[in-house]
Amino acid sequence: MGMGEPFLNYEAALTAAQIMSEPSGLAIAARAISFSTAGIVPAIRRFSAERQPYRLVVSLTSADPGRRRSIMPGAATYPLDELRDALAGYCAALGVRVTLAWVMIAGFNTRDEDARQLADWIGDLPVRIDLIDVNDPDGVFLPPDEAERNAFRDSLRRRVRAPVARRYSGGADIGAACGLLAGTVGWGLNRQEAR
């Protein structure tokens with residue numbers, strides 16, 4: 001997790017996980033290794049078909065297609081209904097919950113309407129929801145304050161039958177925290193300069 005999109009480098013990412021979980025390697029339990037994806041549907045289907053033992057985390061951030069595309073342009077390749085179908089296949093194949101990572105952005109995806117859309121999208125899909133404050137070294141995106149965060153969490157808990165947890169993240173001081181939606185090229189450059 002946190003090292004780019006592993007499903008765009010599927011073979012190498014799986015090889016690394018296999019080495020890390022090998023008893024003569026790092027001996028990390030396979031269920032303690034997570035593959036975090038923005039939703040590369042063909043790779044999720046392959047991961048499911050191969051019955052990989054690693055956990056799957058999907059960065060959702062919005063259940064509204066237009067809003068999701070605006071914050072995660074790469075997500076436009078795979079529509080939300082196609083992504084949900086692939087996740088249902090994963091859950092059925094492995095008999096586990098999928099973790100949905102929701103990067104909370106103040107005033108953007110923490111409204112009551114966002115909670116309702118997410119609950120509708122989830123339906124009966126077995127999930128766990130991790131709420132993560134956005135981390136943006138440029139300050140373009142801001143995390144919600146405590147009241148906004150709690151209101152969103154409470155709205156979700158009223159609507160979904162799934163664990164909802166706040167995930168804390170270290171590493172913001174070095175641009176390595178969870179919830180970092182974009183990076184910079186060299187510290188002090190804004191996104192426009194980095195392009």
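Predicted model: local features only at pLDDT ≥ 70, side-chain atom pairs only at ≥ 80, totals over all residues.

Reader: Let's start with helix 6. How do you know that its span agrees with its number of residues?

Author: Helix 6 runs over residues 146-159, which is 14 residues, and at 1.5 Å a residue the span should be 20 Å. The C-alpha atoms at its ends are 20 Å apart, so the two agree.

Reader: Which residues of helix 6 are buried? And what puts them on the same side?

Author: The buried ones are Arg149, Phe152, Ser155 and Leu156. They cover an arc of only 130 degrees around the axis, so they sit on the same side of helix 6. As background, an α-helix has 3.6 residues a turn, so residues three or four places apart point the same way.

Reader: What does that buried side pack against, then?

Author: The buried residues of helix 6 pack against strand 3 (98-104), helix 5 (112-122), strand 4 (127-133) and strand 5 (164-167). On the face turned away from them, helix 6 carries the exposed residues Glu146, Ala147 and Arg158.

Reader: Why is Arg149 called buried?

Author: The cut-off is under 20% relative accessible area. Arg149 comes in at 11%, so it counts as buried. A polar atom of its side chain lies 2.9 Å from the backbone oxygen of Pro144. Leaving aside residues up to four places away in sequence, Arg149 touches Met104, Asp133, Pro144 and Arg166.

Reader: And Asn109, why does that one count as buried?

Author: Its relative accessibility is 0%, and under 20% is buried, so Asn109 qualifies. Asn109 is in the loop between strand 3 and helix 5.

Reader: What makes the reach of the Asn109 side chain to Thr61 a polar contact?

Author: The limit for a pair of N or O atoms is within 3.5 Å. The Asn109 side chain reaches the backbone oxygen of Thr61 at 2.8 Å, and the backbone oxygen of Val103 at 2.7 Å. Among the residues that Asn109 touches is Phe152, one of the buried residues of helix 6.

Methods
Residues numbered from 1 in each chain as written. Heavy atoms only, no water. Helix = DSSP H or I, 4+ residues; strand = E, 2+ residues; numbered from the N terminus. Expected span 1.5 Å × (residues − 1). Buried < 20%, exposed > 50% of the residue type's maximum accessible area, 1.4 Å probe, protein only. Arc of directions from axis to C-beta. Contact = heavy atoms within 4.5 Å. Polar contact = N/O pair within 3.5 Å; in protein donor to acceptor, adjacent residues only side chain to side chain.
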